[in-house]
Amino acid sequence: MNRKLKTTVAAVALALTAGTAQAEGNLSIYHWFEYIPQELLDKFSEQHGVTVTMDTFDSNEAMLASLKAGKMGSYDVAVPGDYMVEIMAADGLLDTFESSELSNFGNIMPEWVDVGFDKGRKSSIPYQWGSTSFSVNRNDYTGDINTLAMIFDPPEEVQGKINVLDSQGEVLALASIYLGIPQCTTDRDQLKQLNELVQNAKPHWASFGSDVAKDVLVSGDASVGMIWSGFSAKAREEGANIEYAYPKEGYVVWMDNVVLLKDAPNRDNALKFMNFLLEPENAAAVTNFAQYTAGVSNTTELLDDAVKNSPESNPPAQPVGTFVMACSEEVQKVYDTIWTNLKK
Amino acid sequence: MAGVIQAGGQTKSNTYTGFGPLLLLPSWLIIGFFLLLPVGMMLIYSFLTKEFRGGVIWEFSLAAYDQFLFDRGLFGDDPPKIEWTYIGIFWRSIWQAGLATVLCLLIGFPTAWFIATRSGVNKSIWLFLVTIPYWVNLLIRTISMKFLIRDTGPINEWLMAGGVISEPIHMINTAFAVQLGLFYSYLPFMVLPIYASVERYNFALSEAAADLYASRWTTLRHVILPSVKPGIVAGCILVFVPSLGAFLAPDLLGGAKNFMIGSLIEEQFKGNAGNWPFGAAASMILLSLVLIALMFYARSQRQQGHF
């Protein structure tokens, strides 16, 4: 009898909890790989009684393709980079919100509110920002590394031991910076130069890979690896004797943003999640995990010292980084041809 | 199938007439939904206009096939020449897939023969061992292979520790690594069908051939191979076709340096190119090539009177 009673209580309790979870609903996130700590998702889930599911992608373009191929309406939020926010907004993939709908909106650092890719933050909030450059294994090469020649005209010691990101936008942006030509140039001679530069550099490259960018540096397969700043810091923590370069010609900076997707099945929970990520404590948790820099005020005191003082998170005053531009259709077509020629 | 009906013991021809067509429904649904519908969509998409950054505009266009066949220079306004880029990519894939098939056959046939000629329990154990890697996801298996063969991997370290070599043998990110990945991924697809054929082979035939003074080689060529040919053909198709479209091995083991057909198509959907009609057209061309090859094969078989 007693046992029966216990079972009944348990069943009722289960039914009740299940009921609550259903009432509070779900949240479906489309995010980069290795970019948010599981504990943070659990914390949100617990605080708001929301079931969180997450899928991951490894490039802005892959995310866009998947959304366009019919995934719209199944995710609530996604995390595109700067230029991709602009593209998605132009394609009508983003919903808008009022700043009053997020009680923590004021936590966004002033310089990250009126950004070019989303003026006044109508559809997005800052997630993290960082840079794209490359790291060099100091056991293999001891000379000056602060030049993009390490990738595009590499010294003999590292030839054939270079991994570049499998990301057309970042590779061609860095190549343009190295040549000193504007991104998305329409000048034919400059485009030819760009094509020749990457063609001539390719024999020195061992591989193209984004998700493996950290691993090849840690294992020593690559002596030079094009990489994102925080990913490089993680590689260093995992024991690679590498140094992150700030090339004198310049490098790429980017900001990833949490966007509210159009037709989000759980719009309210999406806004709750965005508000949650604007809490300094939670933004700092992401930074401590991914080792990039938050766009939220008052996170500095909450950071681990190693992260706060890492060379990857503290770029020098000069040179400054540049955002990747979204090219016009006409130029993009030439870029695609250059990329196909590069990998044919 | 015949065996199943016999086992039931009921072969009255009029039993199922009323339901016959209905009983085919599951097959038709599967063929329609999983085969005809996607291929049909792909065919239609390949003739549509591409939308900038992925997607299609519903206007008829031959641009995708034009891009495949003609090279109009970096800016698209040179006089058209034959485009060798994609032919080169297809050739590389066909060559790699063909080589993987031949290697799988060379290793797979003796393996299958060995397994099929073991006695009862041993046979099951060997079969079981062959299928074990399949419990693990292909991605994981490919990454493990990468760990094994890289410059700082165990193979190189053992060889160097044993004094066999002084410098690591460079295997990762080469065509050899891609070939190794394909061979390793699809070997069981060769072993299992051949095993099934050899299992049914009547070994009295070999003895009969020997009684008639056939050498071992002659027996293999004129008695064994014709009998187990269906298994070999099935195995070759099962290895060749997926190898042709593989993109995990080229990406992870080959360093994504050179497109294979699979990665070329993937790039059209997932990469910056966002050129869905071209991806669809490349898929259709691949599909047509495979179908044409299979049709030629079937025809040559019919002429030899095998069907």
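In this predicted model, 4 salt bridges are counted between chain B and chain A. One of them joins B:D77 to A:R188, with N and O 2.7 Å apart. B:D77 sits in the loop between β3 (70-71) and β4 (81-82) of chain B, while A:R188 belongs to helix α7 (residues 188-201) of chain A, so the pair joins two chains. B:D77 is partly exposed at 47% relative accessibility, and A:R188 is likewise partly exposed, at 40%. Another salt bridge links B:R150 with A:D221, where the closest N and O atoms are 3.9 Å apart.

On the side of chain B that touches chain A, helices α5 (84-116), α7 (138-149) and α13 (261-270) each supply at least two residues, and α5(B) gives the most, with 4 residues. By class, this side has 11 nonpolar, 8 polar and 10 charged residues. The contact takes 29 residues from chain B and 40 residues from chain A. Together the chains bury about 3100 Å², 54% of it on carbon and sulfur atoms. In chain B, the most area is lost by B:R53, B:L74 and B:N272, together 24% of what that side buries.

Over all chains, the structure holds 18 salt bridges. Within chain A, A:E34 pairs with A:K214 at 3.2 Å, N to O; A:K214 lies in helix α8 (residues 213-219), 180 residues from A:E34. A:E34 also meets A:K234 in a salt bridge, at 3.6 Å. Because A:K234 is in helix α9 (residues 229-237) and A:E34 in the loop between β1 and α2, this pair ties together parts 200 residues apart in sequence. A:K234 is buried, at 10% relative accessible area, whereas A:E34 is partly exposed, at 40%. Shared partners join A:E34, A:K214, A:K234 and A:E238 into one salt-bridge network.

Key: Residues are numbered from 1 along each chain as its sequence is written. Chains are lettered from A and ligands numbered from 1 in the order in which they are written. This is a predicted model: local features need pLDDT of at least 70, side-chain atom pairs count only at pLDDT 80 or more; totals for chains, interfaces and linings use all residues. Side-chain values use heavy atoms; hydrogens and water are left out. Contact means heavy atoms within 4.5 Å. Buried area is the accessible area (1.4 Å probe) that two parts lose on being put together, summed over both. A salt bridge is a side-chain nitrogen of Lys or Arg within 4 Å of a carboxyl oxygen of Asp or Glu. Ala, Val, Leu, Ile, Met, Phe, Trp, Tyr, Cys and Pro count as nonpolar, Asp, Glu, Lys and Arg as charged, and the others, Gly among them, as polar. Buried means under 20% relative accessible area, exposed over 50%, partly exposed in between (1.4 Å probe, protein chains only).
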